Amino acid sequence: AVVTNPVLASNRTFDYIILGGGLAGLTVANRLSENCTISVLVIEAGQDNRDDPRIYDIYQYGSTHGTSLEWSYPSNGGVIRGGRTLGGSSSVNGAIWTRGTKQQYDAWSQLLDPIDASVGWNWDGLLSYMKKAESFSAPTSQQRAKGADYVASCHGSRGPVNVAFPNLMYGGPQQSYFASVMVKFGLAKNPDLNGGTPNCVSFPPLSLNKNDGDHRSSSATAYLSPVESTRTNWMTLVGQQVTKIIFNPSTVHPRVATGVQFGTLSGARYTAFARREVIVAAGSIGSPKILQLSGIGDATALSSLGIASIVDLKTVGKNLQEQTINIMAANTTYFDVGGRGPSDAIAYPNIYQLFGTQANAMISHIQSSLPAWAASQAGSALSAGALRNIYTIQSNLIIAQNAPIAEVTFKTKNSGDKIGTNIWQLLPFSRGTVQISSSNPFDIPEIKVNFFAIDFDMATQIAAARFTRHAFQTAPLSTLSTGESLPGFTLVPDSPDHGSTANWTSWIMNNARPVAHPIATCAMMSRSLGGVVDAQLRVYDTKNVRVVDASIMPIQISAHLSSTVYGIAEKAADLIKNAQN
Ligand SMILES: Cc1cc2nc3c(=O)[nH]c(=O)nc-3n(C[C@H](O)[C@H](O)[C@H](O)COP(=O)(O)OP(=O)(O)OC[C@H]3O[C@@H](n4cnc5c(N)ncnc54)[C@H](O)[C@@H]3O)c2cc1C
């Protein structure tokens, strides 16, 4: 059941305590509680808002921004959003359902010790779990006529999360015109963004239930709602923030967690005990914060805050990779947009398509810059040497494997007079950190995203902006447009190469904000590369503390994150179950 009274969990012992009832937390809780002899407690800081239309009505996407339904984490690159409600970010996100390239998932195994390769952190090993989460509805003939398409083998059919094209999807000329311009620019038009080959233009489905008025399908509605009245072995406590993990003081190596503390800013503190494991699933900002508050992190930094070291693990909160979004738009002549959305077409160009004749120069620049980039970002990683090894894998994906480096989401405004794009560089080399600066668990940690610390990241954002401007000017899309309105030619004058680097840089710097895709702050990597968790998602030097959420992803993927995080959580649940035997 979902409860609000902390006394119901206080001083009780559960087999598993899951910290955070977000996307990953509820997924794991559901799978572990399938066994009725196993007891599970989920502690979620937000409330249960499943009945709030701002949560369930996908057409109201954005109405939670800036409200108490979201964390608004300040960073040195703007506010990072995250769901602060049951279901976490899956309850407030844009619901776009896509996956990265096969090779990007395969790279996760390369970042682990060779002995861990058999655990299956690769495309083949994760696809079945991503599909396990999913129940896909094929588009109707009407939706297909509007551009929706799919490849059946990319999708699951019996999972909890409903994935479909919205009933009211756009059907005007705008999206197909955008797709044809992308084809002119050299991108293939692929039927499905979920098959590990996203270097294309395509129409993604969304995590929504088309048989329920297109209502959002979140981890809360998918994994909790169907079983909450029957699974008496699963308690979800909302409105309580985890303040720290408690360890058995007599264990030294590996450290054994015995329970957690939780409470509210003005209320009492409580303790619940874990018989088996503590599973941290508080997201890429919340999870490193909890570990650090518990004494797992850089011992020197923690001791300066009066926090005793449990595990001196310097990379907790490091390796942060967030992306940067800019919004572009064009005025249009009147046309019927043919629906209400959301149903955006997305283009994922690779380095050759985005940089065109400049691609080879950019590749040389990457190859010759890796050591200097690694040295400059070393403070946000384990070391320059470790980061250089990670960068080598990352750059290989970009240069040799055609991993898309930018997302260009084509947006339709319902008023029918505007088209636009959201653009973001997908695979930043800039690295950041999440670090608590006080021992008060209700203080926000210091977050440095360090956007554009590496010049390639800015070059990619500029190239995506030029690419969009060029697309607005190319037929047939140009036949709808009466001129770019954002940024427009006053702020960024046009030129044969679609705007100068100086003008684009200044506009991007003034307008870029975080995408809300933070990852890697508790990265699953070998210790020598600066990992925080091993291939079992266990925090190094602990016996029974795992991290299961987006923070374990070691490097960015060319995709939206939710399908992948569901796959991580489904796979983690099996790893945890296997450890029970
Ligand atoms: C605005 C927005 C738009 C997005 N759009 C898309 C999209 O269109 N498609 C897509 O695939 N992905 C999208 N994403 C990304 C995707 O939703 C996230 O990557 C994913 O939900 C991360 O899952 P998680 O389990 O790591 O964290 P979350 O789902 O964020 O869950 C973390 C949970 O932990 C809770 N928590 C944190 N600290 C504590 C604490 N101390 N005690 C108790 N609870 C705590 C939080 O309240 C939250 O419920 C978007 C994200 C956002 C924020």
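His-560 counts as buried, with 25 C-beta neighbours inside 10 Å, where buried denotes 20 or more other C-beta atoms within 10 Å of a residue's own, exposed 12 or fewer and partly exposed in between, the C-beta atoms being placed from the backbone. The model is predicted, and local features need pLDDT of at least 70, side-chain atom pairs count only at pLDDT 80 or more, and totals for chains, interfaces and linings use all residues. Residues are numbered from 1 along each chain as its sequence is written.

The UniProt annotation "active site", from an unreviewed entry, covers His-517 and His-560, and such annotations may be inferred rather than shown by experiment. Although spread over 44 residues of sequence, the two cluster in space, with a largest C-alpha distance of 7.7 Å. His-517 is likewise buried, with 24 C-beta neighbours inside 10 Å. Leaving aside residues up to four places away in sequence, His-517 touches Glu-322, Gln-323 and Leu-561, whereas His-560 touches Ile-96 and Thr-98; contact here requires C-beta atoms, placed from the backbone, to lie within 7 Å.

Val-242, at which UniProt places the feature "binding site" (unreviewed entry), lies in strand 13, residues 241–247, strands being DSSP runs of E of at least two residues and helices runs of H or I of at least four, numbered from the N terminus. Val-242 is buried, with 26 other C-beta atoms within 10 Å.

Trp-108, in helix 3 (residues 102–110), is buried with 27 other C-beta atoms within 10 Å, and its C-alpha atom is separated by 7.8 Å from that of Met-524, 416 residues apart along the chain.

Technical notes: Contact = placed C-beta atoms within 7 Å.
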